[in-house]
Amino acid sequence: MRFFLSQIRKVSTQAARRRVVVTGSGAITPLGNNVGESWQRLLAGESAISRLGEEFKGLPCQVAAQIPKERLQLDKHLSKSDIKLMSPATQLAVMAADEALAMAQLKPSELSPEQRERFGVCVGMGMFDLSEVYGAWQQLQRGYNRVSPYFVPRLLPNMACGHISMRHGLRGPNHSVSTACATGAHAIGDALRFIRNGDADIMLAGSGEACIDPLSIAGFCRLRALSTSFNDNPAIASRPFDKARDGFVMGEGAAVLVLEELEHAQARGAPILAELLGYGLSGDAHHITSPSEDGAGATLAMLRALKDADVAASDVSYVNAHATSTPTGDRIEAHAIKRVFGAHAANVFVSSTKGAHGHLLGSSGNLEALFVVHACADNQLPPSINVTDLDVDINVVQKACQWSESKHERRVALKNSFGFGGTNASLCISSFTNNSNC
């Protein structure tokens with residue numbers, strides 16, 4: 001009797017829970033200045049990784065996935081005051097949010113005050129640009145008055161969230177996340193919960209990151225985390241799941257999704273790209289930078305995402321892996337994927353898009369979740385490029401391909417994101433179906 005009562009409660013809870021869909025996306029990436037360009041170049045198997053400049057001379061790693069400053073045309077999007085007040089990562093996040101709002105057909109200025117009170121922002125940052133710190137230190141040596149009054153505000157990880165909120169008059173939840181390389185995925189997952197819990201009807205969720213500077217590169221080199229074997233051929237330096245991988249390639253950029261309660265989105269005729277079904281979190285409790293050999297943390301995050309989504313492992317047909325192109329991390333994640341899916345793992349496509357755009361640190365999980373959203377919408381799987389000698393026993397997508405036989409077939413994916421300190425997140429995302437039983 002108790003079993004049947006618990007099942008009834010479970011069904012009741014799932015039926016009553018607010019469904020959350022994705023109605024817009026925006027991105028500034030090494031691949032392009034917008035979602036469309038970034039997505040098409042990703043599907044084409046292109047790489048945006050290039051050689052670093054003279055200021056990085058002498059460092060073991062000489063490659064990164066950079067966004068050329070001249071390509072950004074900041075003055076077309078931001079005022080001189082904005083540029084002075086915002087760090088580079090915040091600038092990117094603000095621009096990505098603008099694109100996401102446009103795609104979602106939302107103009108916050110046209111919303112009522114009550115509607116803007118139900119519209120929140122959950123945008124994070126993994127780490128700030130260290131050049132801001134040593135630049136201010138150099139100014140301090142010349143005198144106290146040389147230090148910019150905007151120095152501290154530009155550093156704060158929550159400022160992207162704050163600026164987006166102020167720019168659009170959004171008074172809903174204003175929440176920032178900083179969980180190393182899991183930041184973007186956690187931001188999206190937390191925003192999902194804000195909507196489910198009734199704290200908001202719409203959330204802008206994601207992260208921005210821009211910390212490709214000599215000190216950051218030097219620091220990660222000292223950790224032996226970066227690729228150093230492909231300095232003369234940057235385009236192939238990031239190679240998740242390939243036997244020759246030797247470390248990650250740092251990238252920069254921002255990605256923001258518009259998450260919206262389903263009935264709210266349908267009432268205003270919003271475009272629906274995908275549905276966010278579940279969110280799982282865990283901790284490794286093992287080491288400051290390395291996951292445990294058994295992949296327990298990654299396994300728990302994926303299982304919890306499936307449980308939260310009320311989805312069986314056999315329903316999942318794609319995993320967008322965190323895989324950063326490190327010898328240990330990729331292998332452990334592959335083992336965790338096999339542990340979660342068991343015999344079904346042979347039917348699950350897996351890819352890591354970091355071969356194309358590098359590792360955006362705190363902005364990696366949100367950018368890659370954005371790619372999963374568009375994979376769901378377009379029925380296309382993005383590839384893991386630069387795989388010439390696969391050394392993991394999983395079904396890695398090496399060229400972009402059709403996901404399912406029919407565009408109308410429901411497609412379910414997991415998106416993994418893991419960070420230093422042993423913090424893990426997994427998102428369950430699916431193509432949208434207007435079925436209340438899903």
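These questions and answers cover salt bridges, a cavity, a pocket and a surface patch in a predicted model. Local features need pLDDT of at least 70, side-chain atom pairs count only at pLDDT 80 or more, and totals for chains, interfaces and linings use all residues. Residues are numbered from 1 along each chain as its sequence is written, and side-chain values use heavy atoms, with hydrogens and water left out.

Me: How many salt bridges does the structure hold?
Reply: A salt bridge is a side-chain nitrogen of Lys or Arg within 4 Å of a carboxyl oxygen of Asp or Glu. By that rule, the number of salt bridges in the structure is 17.

Me: How many residues apart in sequence are the parts that Arg19 and Glu275 tie together?
Reply: The side chains of Arg19 and Glu275 meet in a salt bridge at 2.8 Å, N to O. Arg19 lies in the loop between helix H1 and strand E1 and Glu275 in strand E8, so the parts tied together are apart in sequence by 256 residues.

Me: Is Asp391 buried, partly exposed or exposed?
Reply: Buried means under 20% relative accessible area, exposed over 50%, and partly exposed in between (1.4 Å probe, protein chains only). Asp391 forms a salt bridge with Arg245, closest N and O atoms 2.8 Å apart. Arg245 has a relative accessible area of 6%, so Arg245 is buried. Asp391 is at 38%, so Asp391 counts as partly exposed.

Me: Which residue forms a salt bridge with Glu132, and also lines the largest cavity?
Reply: A cavity is a set of points on a 1 Å grid over the protein atoms alone where a 1.4 Å probe fits but cannot get out; lining residues have an atom within 4 Å of a point. The lining of the largest cavity includes Met125, Phe128, Asp129 and Arg154. Glu132 has its partner at 2.6 Å, N to O: Arg154.

Me: Which element gives the largest share of the lining of the largest pocket?
Reply: A pocket is an open set of grid points with protein on both sides within 12 Å along at least five of seven lines. The largest pocket has a volume of about 620 Å³. Helix H13, helix H14 and strand E14 each give two or more residues to its lining. The largest share, six residues, comes from H14.

Me: What is the area of the nonpolar surface patch made by Trp137, Leu140 and Tyr144?
Reply: Patch residues have over 30% relative accessible area and no salt bridge, and nonpolar side chains (Val, Leu, Ile, Met, Phe, Trp, Tyr) are joined within 5 Å. Trp137, in helix H7, counts as exposed at 53%. With Leu140 and Tyr144, Trp137 makes a patch of about 400 Å².

Key
Patches are made of residues with over 30% relative accessible area and no salt bridge: like charges are joined within 9 Å, nonpolar side chains (Val, Leu, Ile, Met, Phe, Trp, Tyr) within 5 Å. Accessible areas come from the Shrake-Rupley method with a 1.4 Å probe; for residues, only the protein chains shown count as cover. Helices (H or I, at least four residues) and strands (E, at least two) are DSSP runs, numbered from the N terminus. Grid points are joined across faces, edges and corners, and a volume is the space filled by probe spheres set on the points.
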